[in-house]
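Dear colleague,

Please find below the structure that I am handing over to you, with its sequence. My notes on what was found in it follow.

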Amino acid sequence: MSEVNSPERVGGWTRFVTARPRLALLAALVITALAVFAGSGVADRMGSGGWEDPDAESTYTTQVLEREFPASQPNLLLLLDSGSASVDDPAVAAEAARLTERLAAEKGITGVGSYWQSASPALRSEDGHEAIVAARIEGDEKAAGEILDRIAPALRGVHGPVEVSVGGPVAVRHEMQTIIQDDLLRAELIALPVTLVLLVMVFGSAIAALLPLAVGIVAILGTNAVLRGITEFTDVSVFAQNLTTALGLGLAIDYALFIVRRFREELATGADTRTAIGTTLRTAGRTVLFSALTVAVSLAAMMVFPQYFLRSFAYAGIAVVLLAAAAALILLPAALMLLGPRVNSLDLRRLLRRRAGDEQAGPDVADRAGGVSDGSGTGWGRFALLVMRRAPVFAVVTTVGLVLLGLPFLGVKFGTADDRQLPASAESRVVQEHIRDGFPGSPGGGLEVLVEGAATPAQYADFRTRIAALPGVQRVDGPVTGDGSAYFAVLPDGESVGQGAQQLVQDLRGEPAPFETSVTGTAAVLVDSKDAIADRLPWAVGIIVVVTLLLVFLLTGSVLIPIQAVVLNALSLTAMFGAVVWVFQDGNLSGLLSFTSTGDIETTLPVLMFCVAFGLSMDYGVFLLSRIKEEYDRTGDHEHSVTFGLRHTGGLITAAAVILAVVMVAIGTSRVTNTKMLGLGIALAVLMDAMVVRSLLVPAVMKLMGRVTWWAPAPLRAFHRRFGLSEGESARTPAGERTAEQIPGTSRAGDEERDKVTAQA
């Protein structure tokens, strides 16, 4: 028996995960069932906001106004449509008064007011056929949503001479949460069967295809249970569930693809089941571990931001990545131990070929070595040789193309999410559009200036005169006074979150006064959110870059490859950011994709997309680099190793990217614009990374750098030999010091023969 089949090469981890495979799978089944129970109803406990900085001035001001002047911060708006009659008609006024009294009598409702009580022109439409009843629902998002569910059915609809529609921030958030849940279910129903079909096409075997899907389902259900626990301690955004589904399926499939394929390769060399699992875990298993760490770090970087919208994705992302890796490294080997060679059962592709009369004598290399065609010295191998022969051309053209695709991002404009995130038919959006288009003075888009401390009427009047004289101020109302505090309502010219309104926020905050002042409003929230992100972004990027450099160094032992990986990863994201601006900000393809462009991008979305897409790009980068490194340690031949790595992972990475893109596109079918942007944008980034950066740019750059690619100073080489954790035992040995036969798990005569053919091509 050759050394590759020797039982002593089975490590402790292999013995642990394969000792009692039936017991391990039974325990996993029980834990998954408990996770289903624990995670049930998690969406109902999540919020749909979280874009604000909780420590910002605008947040503090809003909280004080909600407490001291609830009527100044209405979050529930009833739009009363009187049809052909005027809202001043006595019958309409009487019905409006009755509805106002009914609303004021509801538990949890405060600050009720209406046009018919105040005669404020801002609450009456310009055509005189619509008017507003405003109120505030008390409590957090969950409590407010429950109250809305209780009172809305009785308020909505026809009441005598008026028809009532329900809107306001609470209704927008609540409807958004409901739509996201419905869309997520639809996305899962789309993604799961399509993913299964693609996996069958990749593996051929229906049995092998089901394994990655099972790992993904375990990761998703486990993460839902984790998020349910986190909601007991902090706010979590409902948007995070979309990431849970996408990464749960995508990464679990990536990891399982890599492990199952390597396992089938080992079986094809004649290894017994336990030895094949041992070699797989020492090689592909370590790659999966590194990949999970790099993705988790990219997502964990969002923890530095104060907005719970971003932090929620860190919670969900870290949980789903670690669970996907754990399932792939524990449950999957147990399943493979039970299946053994039967993992190749139900080869549907072979059945189809036989039926079509195309079956040749004996299976081809792809059939024997894992189902993902690697070209066997043709396909990806010849493609890699072509790229490296024209390395300068491919490097320059690809880099220039990616930079050009990212140019639209230079014109990005940041804004806040509003009702236009919802589909055009959503009731709360319809109400907000009627108010935005038909009422004077942009109701809801103004600024509030809170005044705290003792002040005389003369001081109030002087302050009002001075802020009314500021550039961009259309009107100032107030002061509305209370117990030791007061506030002014300031209506800006132009758009409520435009550059003029944002500058007005800064001017109001800088205006001297004999008392304490603070500013809130939509534009103020945007200014504070942008400041918070700008303040923390260098820390987030620094964490991602430093940890990525360290992990890739531990994987490769090179100083230059980690730098190359970070730079090429950043280039792979340019198309995504350019497309986000060109499509979602500028409105191109809005009809085809069914969304309404607001002319800006929600401030937190680019940060989220960067962290997720960068992590996924490193996922594929680790897969490719680990195989190149393994072969370089075996042969010491740089160009051959690059060709070998691309030949043996090109098809695998492309298949994984296509499957993940399918999942993200399914998420992108959402009717909520931000979710659509997230899904489609990351799908594009994943495909660009796998099909352009990994296929063209990486081999071209590595060819241009030559053997210097693997350079590291002597102290770092010694450090890597001692602490490096890369594929296989050979990672600890400098290239060329041992022959292929001396390195367990890497000597395969069939591979060597194909390598010779490729090198001579």
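Helices (H or I, at least four residues) and strands (E, at least two) are DSSP runs, numbered from the N terminus. The model is predicted, so local features need pLDDT of at least 70 and side-chain atom pairs count only at pLDDT 80 or more, whereas totals for chains, interfaces and linings use all residues. Residues are numbered from 1 along each chain as its sequence is written, and side-chain values use heavy atoms, with hydrogens and water left out.

Strand 8 and strand 9 run antiparallel and are joined by six bridges. They form a hairpin with three residues between them, and in the turn glycine 484 has a positive phi of about 80°. Strand 8 is also the place of proline 479, which is joined to glycine 478 by a cis peptide bond with omega of about 10°.

Strand 9 (residues 485-492) is also joined to strand 7 (residues 447-452), again antiparallel, by six bridges. Here valine 449 has phenylalanine 488 of strand 9 as its bridge partner.

These strands belong to an open sheet of four, in the order 8-9-7-10 and with antiparallel pairing; two strands pair if DSSP finds at least two bridges between them. At the edges are strand 8 (473-481) and strand 10 (516-521), each of which pairs on one side only. From one strand to the next the twist averages 20°. Axes are lines fitted to C-alpha atoms, for helices over the stretch in contact, and angles run from 0 to 180 degrees between N-to-C directions.

Two helices pack on this sheet. Helix 17 (residues 457-468) touches strand 7, strand 8, strand 9 and strand 10, and its direction makes about 160° with that of strand 8. Helix 18 (residues 499-510) touches strand 7, strand 8, strand 9 and strand 10 as well, with a direction at about 10° to that of strand 7. Contact means heavy atoms within 4.5 Å.

Strand 1 (residues 76-81) and strand 5 (residues 162-167) run antiparallel and are joined by five bridges; leucine 77 stands opposite glycine 167 in strand 5. In the loop between helix 5 (115-118) and strand 3 lies alanine 119. Its phi is near 55°, a positive value in a residue other than glycine.

Helix packing

Helix 9 (residues 240-268) packs with helix 11 (residues 308-339) at an angle of about 30°, and their axes are 9 Å apart. The two helices are therefore roughly parallel to each other (angles under 35 degrees count as roughly parallel, over 145 as roughly antiparallel, 65 to 115 as roughly perpendicular and the rest as oblique). Helix 9 passes helix 11 in a right-handed crossing; a crossing is left-handed if the near helix is turned anticlockwise from the far one by less than a right angle, and right-handed if clockwise. The contact includes Leu243, Leu247 and Leu251 of helix 9 and Phe313, Val320 and Leu332 of helix 11. By class, this contact has 20 nonpolar, four polar and no charged residues. Ala, Val, Leu, Ile, Met, Phe, Trp, Tyr, Cys and Pro count as nonpolar, Asp, Glu, Lys and Arg as charged, and the others, Gly among them, as polar.

The axes of helix 9 and helix 10 (residues 273-300) come within 8 Å and cross at roughly 155°, which makes the two helices roughly antiparallel. This crossing is also right-handed. The residues of the contact divide into 14 nonpolar, six polar and two charged.

Confidence

The mean pLDDT (the predictor's confidence in each residue, from 0 to 100) of the protein chain is 84, and 88% of its residues reach 70 or more. Over residues 358-377 the pLDDT is below 50, and this stretch has 45 contacts in the model beyond near neighbours in sequence. Residues 726-761 also have pLDDT below 50, with 86 such contacts. Where pLDDT is low, the predicted coordinates should not be read in detail.

Yours sincerely
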